[in-house]
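Please prepare a short briefing on the structure shown below, for a reader who wants the cut-offs stated alongside the values.

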Amino acid sequence: AVLAVLTEAVDRARAGGGPSLVEAHTYRMQAHTNADDDTRYREREEVQAWLARDPLLRLRAHLTATGALDAAAEERFASGAEEIAAAMRAALNTDADLDPEDLFRFVTATRSPQLGEQW
């Protein structure tokens with residue numbers, strides 16, 4: 001269903017029909033954060049019922065059953081994903097060299113008198 005909706009949206013955009021808003025509903029399997037106790041607002045049975053519908057687990061089972069995915073390939077994918085995640089964590093934990101002028105530089109093409117006064 002997602003592929004069909006996104007294909008239609010992309011085709012429409014490429015044909016000059018402009019952007020589309022795609023709303024996709026999903027279920028959050030895990031707590032919001034490791035500090036969140038989601039048992040305060042949902043039952044374990046609810047989560048377990050949704051776990052059986054998890055599209056990632058279902059796709060993995062399908063690909064494994066059809067022979068398109070084996071343990072070695074899955075390990076390569078997991079290892080590659082972890083490398084990307086580690087690089088992202090490292091980048092996010094690096095302080096950026098910020099230029100305070102950027103607060104004003106990207107607001108308008110020419111600075112208004114009010115914005116100049118603020119600067």
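**Briefing**

Val2, Val5, Leu6 and Val22 form a nonpolar surface patch with about 310 Å² of accessible area together, where a patch joins nonpolar side chains (Val, Leu, Ile, Met, Phe, Trp, Tyr) within 5 Å, each residue having over 30% relative accessible area and no salt bridge, and areas come from the Shrake-Rupley method with a 1.4 Å probe. This is a predicted model, in which local features need pLDDT of at least 70 and side-chain atom pairs count only at pLDDT 80 or more, while totals for chains, interfaces and linings use all residues. Residues are numbered from 1 along each chain as its sequence is written, and side-chain values use heavy atoms, leaving out hydrogens and water.

**Helix H1**
- Leu6 lies in helix H1, residues 2–14, helices being DSSP runs (H or I) of at least four residues.
- Leu6 counts as partly exposed because its relative accessibility is 39%, the classes being buried under 20%, exposed over 50% and partly exposed in between.
- Just after H1, Gly16 takes a positive phi of about 90°.

**Salt bridges**
- The structure holds nine salt bridges, each a side-chain nitrogen of Lys or Arg within 4 Å of a carboxyl oxygen of Asp or Glu.
- Arg40 pairs with Asp36 in one of these, with the closest N and O atoms 3.5 Å apart; Arg40 is exposed at 62% relative accessible area, whereas Asp36 is buried at 17%.
- Arg44 forms a salt bridge with Asp38, the closest N and O atoms being 2.7 Å apart, and Asp38 is buried at 7% relative accessibility.

How values were computed: Patches are made of residues with over 30% relative accessible area and no salt bridge: like charges are joined within 9 Å, nonpolar side chains (Val, Leu, Ile, Met, Phe, Trp, Tyr) within 5 Å. Helices (H or I, at least four residues) and strands (E, at least two) are DSSP runs, numbered from the N terminus. Buried means under 20% relative accessible area, exposed over 50%, partly exposed in between (1.4 Å probe, protein chains only).
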